[in-house]
Amino acid sequence: MADISPPAALSRPRSGALPAAGASRRRKARLSQRINMAVGVVSIPLFLMVWQLIAQARIVNPILFPAPTEVARAAMEWVTSGLFAEDVVASLKRVATGYLVGSVVGVGCGLLTGRSAFFSGLLGPLFQVLRPIPPIAFVSIVILWFGLSESGKVFLIVWGVFFTVWLSTHLGVQKVDQGLVRAAQMLGTPRRRLVGEVVLLSALPFIVVGLRTAVGISFYTLVAAELAGAFAGIFYRIQLAQQNMQTGLVFAGLAALGLISFIADRCFATLAQRLVWWR
């Protein structure tokens with residue numbers, strides 16, 4: 001039978017073909033990365049430029065839709081008056097306190113319901129029913145319960161943070177490899193160390209996702225919290241500006257709220273990446 005195998009020159013790739021293809025892919029990846037970075041850099045200036053052009057064209061009433069220059073002027077007056085620092089400190093205190101309390105209670109309840117079928121059956125349905133209720137729905141009742149004190153505002157932020165952290169912890173604990181748990185038990189690991197060094201560390205990537213999500217939620221909930229009779233704070237200032245038709249200051253307050261929330265999220269993400277490096 002005739003030999004029909006392909007010639008050696010056709011059956012083997014030419015020398016240097018694979019390295020050249022790899023180098024080409026790397027060049028394309030670098031080019032794509034540079035394009036994405038450039039797009040990210042120009043996106044906000046481009047948005048502001050379009051906003052300025054629309055505002056100058058008077059397509060919308062300038063009192064209701066101020067130009068970015070007017071927003072910047074209102075923001076500068078807010079900062080130089082000294083009220084900006086006072087409002088930011090008041091809001092951050094509420095967010096930090098509510099976030100800390102909600103996170104600690106959420107992680108504790110998540111460990112409890114994730115590890116125990118009894119507590120999961122007892123508390124799980126209750127939490128699932130309460131979880132969809134938005135914090136803003138409690139503003140009226142919180143004013144009745146707590147008056148205009150800071151406790152009511154912190155309660156609303158705790159409400160928003162707790163359920164997110166609880167659910168992520170609960171799911172993370174349920175996903176723990178039971179082989180690791182049984183191995184630790186066979187080695188005689190005490191229950192407290194078992195929960196802290198095996199269950200908690202294994203569930204930590206899930207918990208971190210919930211904690212990071214709760215950072216943004218705590219700032220969303222701040223809006224509801226400062227509706228409950230605040231006398232200082234970012235959203236309090238937005239409300240006051242809206243009542244006085246100072247739309248430039250309203251937009252400045254929204255921008256400040258978004259920027260502070262973004263910075264908090266990026267700081268948490270950087271910290272989490274170092275603490276949970278094995279994810």
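I'll start with a crossing: helix 9 and helix 11 cross in a right-handed sense. Bear in mind that this is a predicted model.

Two packed helices are described by the angle between their axes and the distance between the axes. Here, helix 9 covers residues 191-227, and its axis comes within 10 Å of the axis of helix 11, with a crossing angle of roughly 165°. Angles over 145 degrees count as roughly antiparallel, so helix 9 is roughly antiparallel to helix 11.

Which residues make the contact? From helix 9 we have Val 208, Leu 211, Arg 212, Val 215, Gly 216, Phe 219, Leu 222 and Val 223. From helix 11 the list is Leu 257, Ile 260, Ser 261, Ala 264, Asp 265, Arg 266, Phe 268, Ala 269 and Ala 272. Sorted by class, the contact of these two helices has 12 nonpolar residues, two polar and three charged.

Now to the largest pocket. Its space comes to about 250 Å³. It is lined by 18 residues, and the closest to the pocket centre are Ala 74, Glu 77, Ala 241, Gln 246 and Leu 249. Helix 11, residues 247-275, comes up again here: along with helix 3 (68-80) and helix 10 (234-243), it gives two or more residues to the lining.

Which element gives the largest share of that lining? That is helix 3, with five residues.

Conventions
Residues numbered from 1 in each chain as written. Predicted model: local features only at pLDDT ≥ 70, side-chain atom pairs only at ≥ 80, totals over all residues. Heavy atoms only, no water. 1 Å grid on protein atoms, 1.4 Å probe; cavity = no way out; pocket = protein on both sides within 12 Å on 5 of 7 lines; lining within 4 Å. Points joined across faces, edges and corners; volume = space filled by probe spheres on them. Helix = DSSP H or I, 4+ residues; strand = E, 2+ residues; numbered from the N terminus. Axes fitted to C-alpha atoms, helices over the stretch in contact; angles between N-to-C directions. Parallel < 35°, antiparallel > 145°, perpendicular 65-115°, else oblique. Left-handed = near helix turned anticlockwise from the far one by under 90°. Contact = heavy atoms within 4.5 Å. Nonpolar A, V, L, I, M, F, W, Y, C, P; charged D, E, K, R; others polar.
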